Amino acid sequence: MKEISVIIPCYNVVRWIDRCLTSIVRQTIGMDVLEVICIDDASTDDTWEHLQEWEQKYPDNLVLIRQEVNRRQGAARNLGLRYASTEWVAFVDADDWLEPDYFELLHAPALEFNCDAVCCQSARDTSEVLNYFDQDTKNMEGKNDSLICADTETVKKELLRTRGTSTGPCAVLVHRRVLIEHEICFPEDLVYEDRFWPPLLYIYVNRIYLVEKRLYHYFRNLHSTVFADNNDHLIDWMTVQIIKWREYERRGLFRKYYDELAYDILCDAVKIMTLICRSDMPSFSLYQLECQILAERIPDCKNNLYFGEFQESSRCMLEALYSSLDREGFRQFQQMVKQMRMLLKGLQNQ
């Protein structure tokens, strides 16, 4: 009987999909327990043909879905979740890959401790081929696996503060019941949809296990969406900010978790502002838009319970967003940020 559904959105990944699927079929847990759902998001290369070849090799394990119109990863993941038939769900990006014992090490504590979710560590990897971590890289020195009973408001707040601002849908094994019952899904037709998902997960899970090993290879593809110098992508991220805020309001979550959820929005703002300033053609309009988003939702970031946890560079970004700089002031700030990045890069190369 299948026990884990592996959901993989695929769009023009002909260069990487074989590596990803190879890392899955080599799992020590065995293919008998895995249901692999691949959603071709209207690829224009040979991704679909590659997926069909894999389906012929593993007809009892692969479920292929082909979308006629590109809807982005969020819609693909949502569609894959509707097809999932197992208790457990894992999301994997098609250009990433897994350590051979990924599912074995996540599934065992999920059953032993009756968890809602199990998380592991990931690491960026620039390799063009399938490789695996050595033991020193794989193991997190000085850290032990732990079970978190998140059945109180206090513990959930701590999860939101420490995990929900960084952990995405990958490197997590989650019980499908949690996602279905609490309607935890992804915004569709947008990039940066993964920023929506983690805070809701950490609010609704009651038992979560942390595996302190690097088991997930996050491919640092410099040609991918997250590294593209594209203002449309930043608009998508701002849209996700607004969607998150409205969803928190709709669910009534601000009554208990206002500071934590506002902190999450502020973390987004810092990263958005950083990307705006790094752009070769920084957009003053996008800067103004992000200023407006924050002003309408978090009038004074310094009143946030966790403001002191921001590093100095992050507080500098927030100060610029709350100063509503004019065009010349924005240009000067952006130049300062670029000079600081060049200085830090030079120091790192010494």
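This dialogue covers salt bridges, a helix pair and a surface patch in a predicted model.

Me: How many salt bridges does a search of the whole structure find?

Reply: A salt bridge pairs a side-chain nitrogen of Lys or Arg with a carboxyl oxygen of Asp or Glu within 4 Å. The search of the whole structure finds 21 salt bridges. Among them, D93 pairs with R77, their closest N and O atoms lying 2.8 Å apart. This pair links distant parts of the chain, with D93 in the loop between β4 and β5 and R77 in helix α3.

Me: Are D93 and R77 buried or exposed?

Reply: Buried means under 20% relative accessible area. D93 and R77 are both buried.

Me: Which parts does the salt bridge of D268 and K244 tie together?

Reply: The side chains of D268 and K244 meet at 2.7 Å, N to O.

Me: How are helices α9 and α11 oriented to each other?

Reply: Angles under 35 degrees count as roughly parallel. The axes of α9 and α11 cross at roughly 5 degrees and come within 11 Å, and the two helices are therefore roughly parallel to each other. The contact involves residues including L234 and W245 of α9 and L289 and I293 of α11.

Me: Which residues form a nonpolar patch on the surface?

Reply: M336, M340 and L343 form the patch, with about 280 Å² of accessible area together. L343 belongs to helix α13 and is partly exposed, at 48% relative accessible area.

Note on methods: Residues numbered from 1 in each chain as written. Predicted model: local features only at pLDDT ≥ 70, side-chain atom pairs only at ≥ 80, totals over all residues. Heavy atoms only, no water. Patch = residues over 30% accessible without salt bridge, like charges linked within 9 Å, V, L, I, M, F, W, Y side chains within 5 Å. Areas by Shrake-Rupley, 256 points an atom, 1.4 Å probe, with all protein chains shown as cover. Helix = DSSP H or I, 4+ residues; strand = E, 2+ residues; numbered from the N terminus. Buried < 20%, exposed > 50% of the residue type's maximum accessible area, 1.4 Å probe, protein only. Axes fitted to C-alpha atoms, helices over the stretch in contact; angles between N-to-C directions. Parallel < 35°, antiparallel > 145°, perpendicular 65-115°, else oblique. Contact = heavy atoms within 4.5 Å.
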